[in-house]
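Please look over the model below before reading on.

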Amino acid sequence: MSATLSRTPAQAPARTYPAYSRPLWQRALLTREFAIIALLGVVWFYSVAEVPNFDGPLTLYYLLLDIIPILLIALPMTMVIITGEIDLSVASVVGLSSVLVGVLHQDAGLSIPVAGLVAIVVGALCGALNGFLVSYVGLPSLAVTIGTLALYRGIAVGLLGTTAVTDFPEKWTDLATLRIVEGGSIPWVVLPFLVLLGLFVWLLHFSGFGRGVYETGLNDEAARFTGVDVARTKFWLFVLAGAVSAFAGIYFTLRYGSARGDNATGLELQVIAAVLLGGVSIFGGRGALHGVVAGVVLIGVVSSAMRLEGYTVNVINIVIGVLLIASVISTSALAWVSGRLRARRTRRSTRAT
């Protein structure tokens, strides 16, 4: 006697992942990244309407020229911080690449493109040293990059001393400030930035490598169990940070027409401030590039508007510091509020059952 077994279709499990627990519009708009973008819009329109001598198109042109190095370095820095690490040596790599371009062009007679290529390779090697010490030796990135910050800056200053190289071809220095459209407000250097932005957006948000970056930042041990090569991931991120910083150093040199060992001193603090302001968690595992780009531009707009209103650099730094502290505190505060609300909903559902 045979028994007939009837099977009923299994009920699809309800999605419980927090990202799907809210409607799409809330997931898109109720985020720190969107808040930074909205704040940027408010500050920009207020500046255009209320700040004396704030010429929108002209200010945008000089604003982009000033913040391009920060925008460039912020791309790999975002991914490094998402993994839970940090790179404080990026500004010294900018200075070293600037010096290399000047020395190789003036003393060795190399053309600017060849000297720039050598500088980018050296920058990648500087990042590789950071990545090796952090990823494979196991040293903390904060200590490593503080040490290499001094090392790379010392090499840069040692190569030139207190002198500066200023004899660059006019066509290259003009190219650094050339506008895409004559009389327009967008410099051509925005184009390579947009190319790199597209590459990093794909790498972080639409590739398996990017998913590994987030997993590493959330829990590196769990990431290893899921097949992520944590050491290799961190290593290549530091290499990218070094190479992009060197590219920023080439632009910095041509933009100001001067190669000095102390170029871009302190730039790393502006980069980190912009990245954290853009919604990236200093503890790793969270962040998005559109928020970081908005954070960099927001700091630039605030600085420009305050300078036009006559505020000193010290006051501007205080305001930027307050924004940075508020952004770091808000992450913990929002997480605490979210946890309390989630716990309250859990208790209510438990009582109901």
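Predicted model: local features only at pLDDT ≥ 70, side-chain atom pairs only at ≥ 80, totals over all residues.

Residues are numbered from 1 along each chain as its sequence is written, and side-chain values use heavy atoms, with hydrogens and water left out.

**Overall fold**

The protein has 14 helices and zero strands. Both kinds of element are DSSP runs, numbered from the N terminus: helices are H or I with at least four residues, strands are E with at least two. Along the sequence the pattern reads α-α-α-α-α-α-α-α-α-α-α-α-α-α. The C-alpha atoms fill a box of roughly 95 × 50 × 35 Å along the principal axes.

Of the 353 residues, 46% are buried. Buried means under 20% relative accessible area, exposed means over 50%, and partly exposed lies in between (1.4 Å probe, protein chains only). Among contacts with a separation of 6 or more, 77% join residues 24 or more positions apart. A contact here means heavy atoms within 4.5 Å.

**Surface and charge**

The protein exposes about 18,700 Å², and carbon and sulfur atoms supply 66% of that area. Areas come from the Shrake-Rupley method with a 1.4 Å probe; for residues, only the protein chains shown count as cover.

There are 23 positive and 18 negative charges, and their mean positions are 21 Å apart. Lys and Arg count as positive, Asp and Glu as negative; His and the chain ends are not counted. Each charge is placed at NZ of Lys, CZ of Arg, CG of Asp or CD of Glu.

**Rings**

The whole structure holds five aromatic pairs. Rings of Phe, Tyr and Trp (its six-membered ring) pair if their centres lie within 6.5 Å; planes under 30 degrees apart count as stacked, over 60 as edge-to-face and the rest as tilted. Ring pairs link F132, Y136, F235 and W236 into a cluster.

Charges also sit over rings. The criterion is NZ of Lys or CZ of Arg within 6 Å of the ring centre and within 35 degrees of the ring normal. R179 lies over the face of Y61, at 3.8 Å from the ring centre. The charged end of R255 sits over the ring of Y256, 4.8 Å from its centre.

**Single residues**

| Residue | Relative accessible area | Class |
|---|---|---|
| F252 | 16% | buried |
| T59 | 12% | buried |
| A264 | 8% | buried |
| L159 | 46% | partly exposed |

F252 is found in helix α11, residues 230–256. Leaving out residues up to four places away in sequence, F252 touches P69, V94, N263 and A264. F252 and E309 are 57 residues apart in sequence and 26 Å apart in space, C-alpha to C-alpha.

A264 is placed in the loop between α11 and α12 (267–277). Phi of A264 is near 65°, a positive value in a residue other than glycine. Most residues other than glycine have a negative phi.

T59 belongs to helix α3, residues 56–82. With residues up to four places away in sequence not counted, T59 touches F54 and S304.

L159 lies in helix α6, residues 141–160. Under the same exclusion of residues up to four places away, L159 touches L96, V99 and L100.
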